[in-house]
Amino acid sequence: MQKVVLFGECMLELRQAKDGVMKQSFAGDTFNSAVYMKRIFAQQDIAFMTAVGQDTISQQMVEACSAEALNNQHIFAKSERNPGIYLVQTDDEGERSFLYWRDSSAAKQVMQYVDQKAIDALCNADLFFFSGISLAVLESQDREAFWAMLSQLKEAGVKIGFDPNYRPRLWNGPDEAKAEFAKAYAASDIMLPGVDDFKQLYNIETLEDILAFCKPYAINELVLKNGPESVYCQLDGQLTHVAITPVSNVVDTTSAGDSFNGVYLGSRLAGGDVTSSVELAAASAAIVIQHPGAIAPSNAFDKIHSAVK
Ligand code: ADP
């Protein structure tokens, strides 16, 4: 059994129906990846790492992790704060808009609970995965502690995975994001960016330019996603191209990249090669985008389960 720890923020998701009724669920990029990884690779030990408070929504969030069979060992439930919330509204044309209340969420404080004992407990993981969102939401004075923790994990032989998932509104300008991301690229054994991340942050978007940009960081495994366009993987310097079959009836692209990441990483840890792992990840993401919200119903993956078994 392999152990993966996914680090970040999970939020209460509220979806407003036409009649004004709010439907509640839980979501957040690395949480979504953890859920999809565990759903397809049930035999692996998948942990979500965050901080929550002592309120009822925090309790329900932890219960949601348990309901998805995630390992809750690295969830710190001591914060005085509450979880972040976001509201999804859909207008008459079907356009979605998002409102966030996350500036003082419990998850921002996670590093304040990470002592040496907590780091030691992470050192037996095979993979530690985080994103640009996980980094952005950390209190800025806690980022140093995060990087110190990451270098201890690396030293202990834990593989490091990263998705930049650049969200401009979470950063004090692009320079802050660039500086933090450069540390993440340097630490990463495997990176799963989207072409959009490079376009928005560095104004580069061709495969050649992106590979040239990443070269100095010597990232062993680079998986470049681009919506319905082909996925390119560079492993040990070897480039592989995998075509994606576009979905014609896209309902909601939320979590496409998150589900792709979770299933790709799960497949690679289970011994899958790059091509079969991209194919499985893309098939899972294709299912996710045909359902509303970040987390699709678990029975939507029946076909994938039979393909894996
Ligand atoms: P992100 O959510 O990080 O922006 P992408 O939009 O690049 O991620 O999508 C991630 C993956 O989801 C793609 O590599 C692809 O496998 C799948 N995907 C996204 N959009 C589509 C689509 N329209 N048709 C089929 N697959 C898609």
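How do strand β12 and strand β13 pair, and over how many bridges? The legends below take up this question and then turn to other parts of the model.

The model is predicted, so that local features need pLDDT of at least 70 and side-chain atom pairs count only at pLDDT 80 or more, whereas totals for chains, interfaces and linings use all residues. Residues are numbered from 1 along each chain as its sequence is written, and side-chain values use heavy atoms, with hydrogens and water left out.

**View 1. The hairpin of β12 and β13.** Strand β12 (residues 231-235) and strand β13 (residues 238-242) pair in the antiparallel sense over 5 bridges, where strands are DSSP runs of E with at least two residues and helices are runs of H or I with at least four, numbered from the N terminus. Two strands are said to pair if DSSP finds at least two bridges between them. Y232 has H241 of β13 as its bridge partner. The hairpin has 2 residues between the strands, and D236 takes a positive phi near 50°.

**View 2. The hairpin of β11 and β12.** Strand β11 (residues 221-224) also pairs with β12 in the antiparallel sense, over 4 bridges, and L224 stands opposite Y232 of β12. Between β11 and β12 there are 6 residues, and G227 in the turn has a positive phi of about 55°.

**View 3. The surroundings of the ligand.** The ligand is surrounded by 16 residues, of which the closest are G227, T245, V247, G257 and A285; a residue is near a molecule if one of its heavy atoms lies within 4 Å of it. By class, this shell has 11 nonpolar, 4 polar and 1 charged residues, where Ala, Val, Leu, Ile, Met, Phe, Trp, Tyr, Cys and Pro count as nonpolar, Asp, Glu, Lys and Arg as charged, and the others, Gly among them, as polar. A backbone N or O atom of G227 lies 2.7 Å from an oxygen atom of the ligand, and a backbone N or O atom of G257 lies 3.0 Å from an oxygen atom of the ligand. A polar backbone atom of V247 is 2.9 Å from a nitrogen atom of the ligand. Taken alone the ligand exposes 550 Å², and the protein buries 82% of that, with areas from the Shrake-Rupley method and a 1.4 Å probe. The elements giving two or more residues to the shell are α9 (256-269) and α10 (274-288), and α9 gives the most, with 3 residues.

**View 4. Helix α10.** The 15 residues of α10 reach 21 Å from the first C-alpha to the last, close to the 21 Å expected at 1.5 Å a residue, the expected span being 1.5 Å times one less than the number of residues. This helix is mostly covered, since 11 of its 15 residues are buried, including V274, L280, A285 and V288; buried means under 20% relative accessible area, exposed over 50%, and partly exposed in between.

View 5. Most residues other than glycine have a negative phi.

Notes:
Polar contact = N/O pair within 3.5 Å; in protein donor to acceptor, adjacent residues only side chain to side chain. Buried < 20%, exposed > 50% of the residue type's maximum accessible area, 1.4 Å probe, protein only.
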